[in-house]
Amino acid sequence: MGVSMGTARAWVERWERQQERYAVDREERFTVITDVVEHVTAGLSRPLLLDLGCGPGSLAARLADRLPGAEIVAADMDPLLLELGRTHHANAARYVDTVIGEEGWIDALGLERPLDAAVSTTALHYLPEPVLLRTYHRLAALLRPSGVLVNGDHFPPDGPCSGITAYVGRRRAERTGGHTHEDWRSWWDAAARDPELADLFDERQRRRSAHGGTGGGGHLTMGHHAELLHQAGFSHVTPVWQFGDSAVLVAVMGDMHGTAAVGRP
């Protein structure tokens, strides 16, 4: 069910443009996530990073560009997106086909040492709240002391201002041209018609049916995420970037002081 390099490149490029409709200042969000990872892994010759819900490798590729010595494990359940990533961003990561939060998903990652950082962008909101909490617990156990979870997503604010922040973000996307690109549904409809992707698309549909689709618990507020992260064992949780309801949330295991000094070689 492999695809050619030309096909993978074309579909990943369309994916990148399509996603700009939904992630406000998407490239800036990626840059901020990478900044955080670069900071917490300073002084490590081969940091170990986990990309959760990696899709076609968009974030993994940017991390690999900035941190060429990093070992990156990229996990997703979508066979079509994973194959696009394996082909187009082949050297960025080791791609793992697994369902985040389900029984055995940690074993599938094949990790042989503690994580220095786990990252995600617009993926964890698909998990129902109980599964999200279990996932946070598992990540807390996988991360080394002073390791971090960095999550870029839509986080409605606590209180009555969610409509305002959503509107501000939507207007920002319109000003930067994201609304002119094809949307998520159009991208998938077009991919379904590509003969080279047919087997992968059929497998994707089978998996979605088996797992009841991809709907999760909706967008929890930033405060609710912070509560779950603290319950899971993270010591500190803070947003490091925000525009509208699009934000990058960082959760730290233990004390950040001396992160680089205590890092592994």
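How many salt bridges does the structure hold? The structure holds 14 of them, a salt bridge being a side-chain nitrogen of Lys or Arg within 4 Å of a carboxyl oxygen of Asp or Glu.

Before the details, a word on the model. This is a predicted model, in which local features need pLDDT of at least 70 and side-chain atom pairs count only at pLDDT 80 or more, while totals for chains, interfaces and linings use all residues. Residues are numbered from 1 along each chain as its sequence is written, and side-chain values use heavy atoms, with hydrogens and water left out.

I'll start with the pair E16 and R26. Their side chains meet in a salt bridge at 2.6 Å, N to O. The pair links distant parts of the chain, 10 residues apart: E16 sits in helix α1 (residues 5-19) and R26 in helix α2 (residues 26-40). Helices here are DSSP runs of H or I with at least four residues, strands are runs of E with at least two, and both are numbered from the N terminus. E16 counts as buried because its relative accessibility is 14%, and R26 counts as buried at 8%. Buried means under 20% relative accessible area, exposed means over 50%, and partly exposed lies in between, with a 1.4 Å probe and protein chains only. E16 and R26 also belong to a network of salt bridges together with E27 and R62.

In helix α4 (residues 79-88), R86 and E83 are 3 residues apart, about one turn, and their side chains meet at 3.6 Å, N to O. R86 is partly exposed at 31% relative accessibility, whereas E83 is buried at 17%. In helix α9 (residues 198-210), E203 and R206 are separated by about one helical turn because they are 3 residues apart. Their closest N and O atoms are 2.8 Å apart, and E203 is buried at 18%. An α-helix has 3.6 residues a turn, so residues three or four places apart point the same way.

Next, D78, in the loop between β2 and α4. Is D78 buried or exposed? D78 is buried, because its relative accessible area is 9%. Its side chain reaches the backbone nitrogen of L81 at 3.1 Å. Leaving aside residues up to four places away in sequence, D78 touches W188 and R204, where contact means heavy atoms within 4.5 Å.

Now the interior. Helix α3 (residues 58-66) has S58, L59, A60, A61, L63 and A64 buried. The buried residues of α3 pack against α1, α2, β1 (48-52), β2 (71-76) and β4 (115-121).

The largest nonpolar core has 34 residues, and those touching the most other members are L50, L52, L109, Y136, L139, L149 and F234. A nonpolar core is a set of buried Ala, Val, Leu, Ile, Met, Phe, Trp, Tyr and Cys residues joined through side-chain atoms within 4.5 Å. Which element gives the largest share of this core? That is α6, with 7 residues. Apart from this core lies another, of 29 residues, among them V40, C54, W241 and V252.

Back to Y136: beyond residues up to four places away in sequence, Y136 touches L124, L149, N151, H225, L228, L229, A232 and F234.

V168 lies in helix α7 (residues 162-175), and V168 is partly exposed because its relative accessibility is 33%.

Methods: A polar contact is a pair of N or O atoms within 3.5 Å; within protein, one must be able to donate a hydrogen and the other to accept it, and residues adjacent in sequence count only if both atoms are side-chain atoms.
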